[in-house]
Amino acid sequence: MKILFMGMPGVGKGTYAQIMKEELGIPHISSGDLLRDVAKQDSDLGKTVAGIMKQGKLVSDDIMLEIIKQRIQQPDCEKGFILDGYPRTAEQAKMLNSLVEITHVLHFKADDEVIIDRLGGRLVCKGCKSIFHKTGNKPKVEWKCDHCSTELHTREDDKPHVVKQRLELDAEKSKPLLDHYNGEGLLVEIVINKPIHDIKDKVVKRIKDYVEGKSDSIGEIE
Ligand code: AP5
């Protein structure tokens, strides 16, 4: 299972990838998390990546390819992986094709106002990177991770002016990318407007059924 999770910033890819990695027994690789680790490094590359992310722009295709290539060659990826946030341009998709054969591409969708609310309220664990939300997916103890008790924080790029830039860039880049995977017959849509506590179990079942070949589509989860 070499699965891609795609969709607009804040739609919920990372949240469901963290859940599905346990269900499917394969690692979750978040391009954003890999880059945030690189951005902390005191190196030229670290400084370049940090500067790009702060503005909500995209890191270059060549840098991305090298980072993803190194990660998917790790032994834990032998049985497969969930790749979340990569590829993000049609060029990156072509580069990925030369490395590995992707088996499933899930396009997560939600209404614009739902996405703005999800980004505005997101909280992330500084330790294990678990994702929460101030109202929709609250931690049991305020500002503390349910899994490792580390402090939660708001992502630097969730500030309103950076969010605007990220959403505009996504609107420009996503169509050719989705067309690419549609053309390969790999793309399915999954629509997740409802709060996570109402639909989580259904989402998990529908994704499992799809990637295990028991169904041939996913659609809207009500
Ligand atoms: P990245 O970290 O990948 O950010 P993104 O794609 O913008 O996606 P997000 O992490 O914002 O959203 P998500 O869909 O994972 O939502 P989440 O699950 O957290 O990338 C960051 C930056 O890195 C980019 O801007 C770029 O600079 C760079 N970069 C990354 N990949 C790159 C690439 N391939 N090429 C070049 N540059 C790259 O959910 C959002 C919130 O909603 C959470 O708070 C969650 O709790 C909440 N929520 C509420 N209800 C629900 C529900 N029903 N389902 C899911 N979540 C819900």
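1. Let's start with how helix H6 meets helix H7. In this predicted model, H6 passes H7 in a right-handed crossing. H6 covers residues 112-120 and H7 covers residues 160-183. Their axes come within 11 Å and cross at roughly 135°, which makes H6 oblique to H7.

2. Which residues make the contact between H6 and H7? From H6 come Ile115, Ile116 and Leu119, and from H7 come Val163, Arg166 and Leu167. Sorted by class, the residues of this contact are five nonpolar, no polar and one charged. Keep Arg166 in mind as you read on, as this H7 residue of the contact is also listed among the residues that come nearest to the ligand.

3. Now find helix H1 (residues 13-24) and helix H8 (residues 196-211) on the structure. They pack at an angle of about 50°, and their axes are 11 Å apart. H1 and H8 are therefore oblique to each other. The crossing in which H1 passes H8 is right-handed.

4. H1 brings Thr15, Tyr16, Ile19, Met20, Glu23 and Leu24 to the contact. On the H8 side you will find Ile196, Ile199, Lys200, Val203, Val204, Ile207, Lys208 and Val211. This contact divides into ten nonpolar residues, one polar and three charged.

5. Is the crossing of H2 past H3 left-handed or right-handed? H2 passes H3 in a left-handed crossing.

6. Here is who meets whom in that pair. Gly32, Leu35, Arg36, Val38 and Ala39 belong to H2, and they meet Leu45, Gly46, Val49, Ala50 and Met53 of H3. By class, the H2 contact with H3 has seven nonpolar, two polar and one charged residues.

7. Next, the ligand. It has 36 residues around it, and the ones that come nearest are Thr15, Lys57, Arg122, Phe132 and Arg166.

8. Which atoms of the protein pair up with polar atoms of the ligand? For Arg122, a side-chain N or O atom is 2.6 Å from an oxygen atom of the ligand. Gly12 takes part through its backbone, with an N or O atom 3.0 Å from a ligand oxygen atom. Lys194 also uses a backbone N or O atom, which lies 2.8 Å from a nitrogen atom of the ligand.

9. Two backbone details deserve a look, starting with a peptide bond. What kind of peptide bond joins Tyr86 and Pro87? The bond is cis, with an omega of about -5°. To find the place, go to the loop between strand E3 (81-84) and helix H5 (90-97), where Pro87 lies.

10. The other detail concerns Lys129. This residue has a positive phi of about 70°, although it is not a glycine. Lys129 is in the loop between strand E5 (122-125) and strand E6 (131-133).

Key:
Residues are numbered from 1 along each chain as its sequence is written. This is a predicted model: local features need pLDDT of at least 70, side-chain atom pairs count only at pLDDT 80 or more; totals for chains, interfaces and linings use all residues. Side-chain values use heavy atoms; hydrogens and water are left out. Axes are lines fitted to C-alpha atoms, for helices over the stretch in contact, and angles run from 0 to 180 degrees between N-to-C directions. Helices (H or I, at least four residues) and strands (E, at least two) are DSSP runs, numbered from the N terminus. Angles under 35 degrees count as roughly parallel, over 145 as roughly antiparallel, 65 to 115 as roughly perpendicular and the rest as oblique. A crossing is left-handed if the near helix is turned anticlockwise from the far one by less than a right angle, and right-handed if clockwise. Contact means heavy atoms within 4.5 Å. Ala, Val, Leu, Ile, Met, Phe, Trp, Tyr, Cys and Pro count as nonpolar, Asp, Glu, Lys and Arg as charged, and the others, Gly among them, as polar. A residue is near a molecule or strand if one of its heavy atoms lies within 4 Å of it. A polar contact is a pair of N or O atoms within 3.5 Å; within protein, one must be able to donate a hydrogen and the other to accept it, and residues adjacent in sequence count only if both atoms are side-chain atoms.
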